[in-house]
Amino acid sequence: ARFAKTTGIVSQTDLVRRHGVESFLTVKDVKSVVYKSPLVITENLPVSEVVNQMRLKQTEIAIINIPGREMFPFTERDLMGLIASKHLDISISELGNKALISVSEDTTLLAARKLMEIKQIRHLIVLDLNGNLLKVLGLADMLQVIEHSYVHLLEEILEQNKRTISAKEEHITLLKNAVQQTAGMILISD
């Protein structure tokens, strides 16, 4: 088999930020996103254990909430940085210079996406109306909303086309019947 030359990779970031998805994000707010409860680490663990818990929970981010410290995120990107610098044998408390960026649950997805773009981050912390941690919103979550909205839109278009075709078929049937009924008539004129 012949393959075309690879010229690049399209990432989740590319899809959410640069491909005209604003219409799918404008009317939805962050509380409309289906989510799993966030992984919150409340004790000082080795990075390897935090990574293991992230793998088990199938998440790309953990919220580190160790007593005496401000909460901070630990992401797969942070892990890649540790691997690159060969600093895997440290505890999670030795990290944490990134602040959590949060939004309220009634923030629109479009506003959340714009904030992520401005802050150059891939995750936001979502707080309920009382200020409590509700969930973590990532680009993958936004892609799910976009995909679901797009599929719903396509289903609506298909249903509308089906109704249009059905109406046209009824009209054609009526015309055929009219032609058949008039075929036996003879028109005599002077």
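Let's start with Lys98, which is partly exposed because its relative accessible area is 33%. For these labels, buried means under 20% relative accessible area, exposed means over 50%, and partly exposed is in between, with a 1.4 Å probe and protein chains only. Before we go on, this is a predicted model, where local features need pLDDT of at least 70, side-chain atom pairs count only at pLDDT 80 or more, and totals for chains, interfaces and linings use all residues. Residues are numbered from 1 along each chain as its sequence is written, and side-chain values use heavy atoms, with hydrogens and water left out.

So what does Lys98 meet in a salt bridge? Its partner is the side chain of Asp78, at 2.9 Å from N to O. This pair links distant parts of the chain: Asp78 sits in helix α4 and Lys98 in the loop between α4 and β4, 20 residues apart. Asp78 counts as partly exposed too, because its relative accessibility is 22%. A salt bridge here is a side-chain nitrogen of Lys or Arg within 4 Å of a carboxyl oxygen of Asp or Glu. As for the names, helices (H or I, at least four residues) and strands (E, at least two) are DSSP runs, numbered from the N terminus.

By that rule, there are two salt bridges. The other pair to look at is Glu159 and Arg163, whose side chains meet at 3.9 Å, N to O. Both belong to helix α6, residues 139-183, and they are four residues apart, about one turn of the helix. An α-helix has 3.6 residues a turn, so residues three or four places apart point the same way. Glu159 is partly exposed, with a relative accessible area of 37%.

Back to the loop between α4 (76-85) and β4 (102-104), where we also find Leu88. Leu88 is partly exposed, at 41% relative accessibility. Together, Met80, Ile83 and Leu88 make a nonpolar surface patch of about 280 Å².

Now for the strands. In which order do the three strands of the open sheet stand? The order is β1-β2-β3, and the pairing is mixed. Two strands pair if DSSP finds at least two bridges between them. β1 (39-41) and β3 (72-75) are at the edges with a single partner strand each, so one side of each has no neighbour in the sheet. On average, neighbouring strands of this sheet are turned by 35 degrees against each other, direction ignored.

Let's walk across it. β1 and β2 run parallel, joined by three bridges, and Val40 stands opposite Ile63 in β2. β2, residues 61-64, runs antiparallel to β3, with four bridges between them. There, Ile64 has Phe72 in β3 as its bridge partner. Are the two faces of β2 covered or open? Both are covered: Ile61 and Ile63 on one side, and Ala62 and Ile64 on the other, are all buried.

β4 and β5 also run parallel, joined by three bridges, and Val103 has Val126 in β5 as its bridge partner. β5, residues 123-127, is mostly covered, with four of its five residues buried.

Last stop, helix α5, residues 109-119. Its buried residues are Leu109, Leu110, Ala112, Arg113 and Met116. Seen down the axis of α5, they fall within an arc of 160 degrees, so they line one face of the helix; the arc is that of the directions from the helix axis to the C-beta atoms. After α5 comes Gln120, whose phi is positive, near 55 degrees.

Key
Axes fitted to C-alpha atoms, helices over the stretch in contact; angles between N-to-C directions. Patch = residues over 30% accessible without salt bridge, like charges linked within 9 Å, V, L, I, M, F, W, Y side chains within 5 Å. Areas by Shrake-Rupley, 256 points an atom, 1.4 Å probe, with all protein chains shown as cover.
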